[in-house]
Protein chains: 2
Amino acid sequence: MAITYELIKTCKQTGARLGKVHTPHGSFETPMFMPVGTLATVKTMSPEELERMGAQIILSNTYHLWLRPGEDIIEEAGGLHKFMNWNGSILTDSGGFQVFSLSDLRKIEEEGVHFRNHISGEKLFLSPEKAMHIQNALGPDIMMAFDECPPYPAEHKYMKDSVERTSRWAERCLEAHKRPHDQGLFGIIQGGEYEDLRRQSARDLTSMDFPGYAIGGLSVGEPKDVMNRVLEFTTPLMPDQKPRYLMGVGSPDSLIDGSIRGIDMFDCVLPTRIARNGTLMTSEGRLVVRNAKFARDFRPIDENCDCHTCRNYSRAYIRHLVKANETFGFRLTTYHNLYFLLNLMRQVREAIREDRLGDFREEFFEMYGFNKPNAKNF
Amino acid sequence: MAITYELIKTCKQTGARLGKVHTPHGSFETPMFMPVGTLATVKTMSPEELERMGAQIILSNTYHLWLRPGEDIIEEAGGLHKFMNWNGSILTDSGGFQVFSLSDLRKIEEEGVHFRNHISGEKLFLSPEKAMHIQNALGPDIMMAFDECPPYPAEHKYMKDSVERTSRWAERCLEAHKRPHDQGLFGIIQGGEYEDLRRQSARDLTSMDFPGYAIGGLSVGEPKDVMNRVLEFTTPLMPDQKPRYLMGVGSPDSLIDGSIRGIDMFDCVLPTRIARNGTLMTSEGRLVVRNAKFARDFRPIDENCDCHTCRNYSRAYIRHLVKANETFGFRLTTYHNLYFLLNLMRQVREAIREDRLGDFREEFFEMYGFNKPNAKNF
């Protein structure tokens, strides 16, 4: 098996799992956050910086790399790791999410999805077989099955049809996957907010014996308590001895709440995207560094942070760079936000080890301001 | 004296000087190229990267920092070195060049220059005293006198008036400079292509005993042979025991030809600016990495280069990033171009040490393609 999961311990206070995922490019500790490198680069960052901040696995996007530069070029380069000079683990999504989020003119058939290239407008077709072909060429450690990710809210009837099609597509993915010895394929459990459909999807997919499972279709606009409720009835349906990945989730509160509900892996563009707008995550909440009040503030972004940005640069300098649209400013904010989440996951793992993740959650939420009535989240 | 020059040796083949400039923030070897960090950042680069590529001194811009974030903020931060986290030497220009190159509505008077802010349109006034005040607040190791930089070509009459005014302004700069103990002020010799005016300007300025001298008003559109001729009659007018700085020059051939004519310091936005357009300097000439022919070219940018970019990344990957407008692509191209020029200067210094800079020039020009009839320069 290309991917194996090692359970180290379960938090007595919350049930959260401390573990390790072993991949052909090293192991990573869980719960873990994966920075997103859409186009074979985590925007503004170098591989050395990702390593220095503690990233052990990054995510890249099948759909985007298929269009630019093309999976054949990456295969010819020796695969994604070599192409982008990243020797840690890589997970690629299946392109399914982008087909549904970036393309208007899509048509879903049993065979696959017809849609238009979001850059050129050209007609394209993606199917389970095509998604496997591309990911086999890209060569990530972890591949994702091609699924449909319906919007929130969706009718029960629509969702049921979609879940059943996603299960049929999952079987075709397993069939089409050419490199199971060195690439682990994860199945994606869908079903929206419907417990019966999540149950049906989990039953279908676990019967197929993927080396890992994801929960898809969350963080698509539903309230946080809906997400938490879905996790509560879905993670118990997933095998204990395999990694569990909650797709597209990256706000600090959701990383903690997801871990508490048994999730091992997370990814999200949130930290990198808001960084490029000058918004920072700090131990005391959101900081919008463009604000005039930081013009002469020579303190670090987060006085409780020991990242490279916070050890060497002031709010005043970063504000100046961001306002002048200087690249180095976005490097500093991106580094800080990613470090913040990776460090949060380190703290979560430490708290699991010490059976106090519930206490940690309370302390973190209090300091971050999530407990305040009008708390600004992301 | 804040700035001293140590002459190590003179090339027996060419007369080029090998030396060292000692500043309050360490020493740098000459001839040296200075990367330009207009807004307190060398675009896309970190201070660590600048250090790693061998930069020992960088240049920053008085005019730009005066407008954004304001010299008072940088002074309050503890000066430019601390503000931007760069512990090597820094030189700032006087703002004179930007006033003349960026502003249309300028009015030159004996007192100074009235002009408009190139961003907001606001009316501004810059004078020798103001330029000194700003540079004293910014705190670079080397400051530049406030001068007029006339366009090329300029009438002899206009140039003579300008040179004389620049000399009067230089006296006022010396008078207004408040930190001569820890900031060295360089005078700027003007006079365009006119030998008599360069002579007059050099005589005026050397009589004032600045710790270093620059040649201004070149690389403003004149042919290369005009630049070389002006250098030939101007550098002999400059004191042997002080550094000589040729402002705004950074093409590889001009760095070699300037060194041969006795220049110690150079700066230019060329390597960083063209990098952000995907154009690279290589030992075999210009390489435009956007070109389709590099889509599957997995060789480094320059097969003779040992820089971080060339040791780790392919033309195909960099082309992909540049075409997708990904920041990391511009980091890689910028790093390479700056390394290329800093490494060229290392080779120039080595050739001076071995009395073979003339031979080195021939070899370099041959390989680079400068000797070909239709050679593409920058």
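Helix 8 of chain A (residues 195-206) has twelve residues, which at 1.5 Å a residue should span 16 Å, and its end C-alpha atoms agree, lying 16 Å apart; the expected span is 1.5 Å times one less than the number of residues. Helices (H or I, at least four residues) and strands (E, at least two) are DSSP runs, numbered from the N terminus. This is a predicted model, in which local features need pLDDT of at least 70 and side-chain atom pairs count only at pLDDT 80 or more, while totals for chains, interfaces and linings use all residues. Residues are numbered from 1 along each chain as its sequence is written, chains are lettered from A and ligands numbered from 1 in the order written, and side-chain values use heavy atoms, leaving out hydrogens and water.

Buried residues (under 20% relative accessible area, 1.4 Å probe, protein chains only) of this helix are L197(A), R198(A), Q200(A), S201(A), A202(A) and L205(A). Their cover includes helix 7 (156-176), strand 11 (184-189), strand 12 (212-215) and helix 9 (224-234) of chain A.

A nonpolar core is a set of buried Ala, Val, Leu, Ile, Met, Phe, Trp, Tyr and Cys residues joined through side-chain atoms within 4.5 Å. The largest has 239 residues, and Y245(A) and Y245(B) have the most contacts inside it. A second, separate core of five residues includes M159(B) and Y194(B).

In chain B, strand 15 (residues 279-282) and strand 16 (residues 285-288) run antiparallel, joined by four bridges, and form a hairpin with two residues between them. L280(B) stands opposite L287(B).

Conventions: Buried < 20%, exposed > 50% of the residue type's maximum accessible area, 1.4 Å probe, protein only. Contact = heavy atoms within 4.5 Å. Pairing = 2+ DSSP bridges.
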